[in-house]
Amino acid sequence: MSVNKDIENSDLRVFAAVVRKASFAGAAAELGMSPAYVSKRIAVLETALGVRLFHRSTRRVVVSADGEQVYARALAILSSLDSLFDEVAERQGVPRGQLRVSSSFGFGRNVVAPAIAQLVAAHPALQVRFEVLDRLVDIVAEGFDLDIRVGEDIEPNLIARKLMSNHRILCAAPAYLARRGTPRAVAELSGHDCLPIKERDLPFGVWKLRHGAGEDVVVKVTGPLSTNHGEIALQWAVAGAGIVLRSLWDAQPHLDRGELVQILPGYTQEANVWAVYPQRLASSAKVRVCVDFLEQHLACDNHCFS
């Protein structure tokens with residue numbers, strides 16, 4: 001192939017995003033660009049390299065054989081470049097550059113987002129793009145640097161650092177318990193109006209609970225209301241609509257105000273908070289600074305939940 005050596009590193013990042021997403025529109029959304037601009041940068045890169053990087057159709061984008069080779073080299077170049085910036089940042093003691101962070105809806109909005117705002121205020125050379133998603137994120141395939149995750153579902157190829165101990169509890173409003181009675185055993189939950197949540201690592205309508213240090217108990221729950229958003233389920237519970245399984249950090253304010261009452265207190269679901277990131281970022285200064293900051297921030301918050 002005839003190669004023009006004036007290739008922009010930014011174009012390699014655009015190219016890598018298109019390969020990951022298998023979509024110009026998906027890459028544009030990830031990068032905060034227009035699809036037209038992404039298409040233009042890919043065309044520039046193809047001209048510079050003298051090869052066709054993708055086979056395009058109206059429905060999908062498929063990387064070509066030449067594109068596969070370019071992708072492998074592009075990842076190596078971008079990884080080396082990121083390492084260079086990290087080394088310089090480490091020597092200067094100033095973390096810099098962009099960090100893509102993800103988390104779940106409720107925890108991300110209420111806990112992680114305020115902490116990230118404080119992080120950037122303390123380290124103005126950092127730029128953080130933060131996304132909340134209602135599903136488990138494939139951080140490698142989707143190009144995230146860091147996922148702040150509630151729950152124990154962590155892929156073995158990722159690095160995970162525990163940020164905060166947490167567990168989910170069962171609770172309901174006094175009005176609901178007065179109307180329907182208080183469950184005295186886990187088996188009784190199947191006869192109550194429960195509020196199932198389809199949320200990231202939680203199987204829908206299945207509550208896996210642990211009694212003290214004993215074995216796990218699995219119960220299938222149903223009810224007239226269900227949602228994919230934990231905050232909505234919590235609002236319904238406060239309004240007396242049923243029993244909810246929520247993290248202690250989320251339920252505690254309502255417990256303190258008497259709006260909710262914990263039921264079956266011996267049964268909980270482990271849901272610790274983790275910082276999860278890919279192996280390639282094991283020595284990243286900006287990831288380490290971010291994780292350290294979040295750990296300290298959550299340690300302060302944790303006093304409020306204990």
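Analyst: What follows is a walk through this model, one feature at a time. The model is predicted, so that local features need pLDDT of at least 70, side-chain atom pairs count only at pLDDT 80 or more, and totals for chains, interfaces and linings use all residues. Residues are numbered from 1 along each chain as its sequence is written, and side-chain values use heavy atoms, with hydrogens and water left out.

User: How should I read the confidence, and which elements have the lowest and the highest mean pLDDT?

Analyst: The quantity pLDDT is the predictor's confidence in each residue, on a scale from 0 to 100. Where pLDDT is low, the predicted coordinates should not be read in detail. Here the protein averages 87, and 92% of the residues score at least 70. Among its elements, helix H4 (residues 65-92) has the lowest mean pLDDT, at 79, whereas helix H7 (residues 174-180) has the highest, at 97.

User: What does the overall architecture come to, and what share of the residues is buried?

Analyst: Helices (H or I, at least four residues) and strands (E, at least two) are DSSP runs, numbered from the N terminus, and the protein has 10 helices and 12 strands. Its C-alpha trace spans about 75 × 50 × 35 Å along the principal axes. A residue is called buried under 20% relative accessible area, exposed over 50% and partly exposed in between, with a 1.4 Å probe and protein chains only; of the 306 residues, 45% are buried. Contact means heavy atoms within 4.5 Å, and among contacts between residues at least 6 apart in sequence, 74% join residues at least 24 apart.

User: How do I read a helix pair, and at what angle do H1 and H3 pack?

Analyst: Axes are lines fitted to C-alpha atoms, for helices over the stretch in contact, and angles run from 0 to 180 degrees between N-to-C directions. Angles under 35 degrees count as roughly parallel, over 145 as roughly antiparallel, 65 to 115 as roughly perpendicular and the rest as oblique. Helix H1 (residues 9-21) and helix H3 (residues 35-49) pack at about 110 degrees with their axes 9 Å apart, and are therefore roughly perpendicular. The contact is formed by Asp11, Leu12, Val14, Phe15 and Val18 from H1 together with Val38, Arg41, Ile42, Val44 and Leu45 from H3. For classes, Ala, Val, Leu, Ile, Met, Phe, Trp, Tyr, Cys and Pro count as nonpolar, Asp, Glu, Lys and Arg as charged, and the others, Gly among them, as polar; this contact has eight nonpolar, no polar and two charged residues.

User: Which residues of H1 meet H2, and how are the two helices oriented?

Analyst: The axes of H1 and helix H2 (residues 24-31) come within 8 Å and cross at roughly 125 degrees, and the pair is therefore oblique. On the H1 side, Arg13, Val14, Ala17, Val18, Arg20 and Lys21 meet Phe24, Gly26, Ala27, Glu30 and Leu31 of H2. By class, this contact has six nonpolar, one polar and four charged residues.

User: What should I look for in the backbone, and where is Ala22 found?

Analyst: Most residues other than glycine have a negative phi, and most peptide bonds are trans. Ala22 is not a glycine, yet has a positive phi of about 55 degrees; Ala22 is in the loop between H1 and H2 and counts as partly exposed at 39% relative accessibility. Leu264, also a residue other than glycine, has a positive phi near 45 degrees. Leu264 is found in strand E11 (residues 261-270) and is buried, with a relative accessible area of 9%.

User: Which residues is Pro278 in contact with, beyond its sequence neighbours?

Analyst: Pro278 belongs to strand E12 (residues 273-278) and is buried at 4% relative accessible area. Leaving aside neighbours within four places in sequence, Pro278 is in contact with Ile139, Val140, Phe144, Asp145, Leu158 and Ile159. Pro278 and Leu146 are 132 residues apart in sequence but 7.7 Å apart in space, C-alpha to C-alpha.
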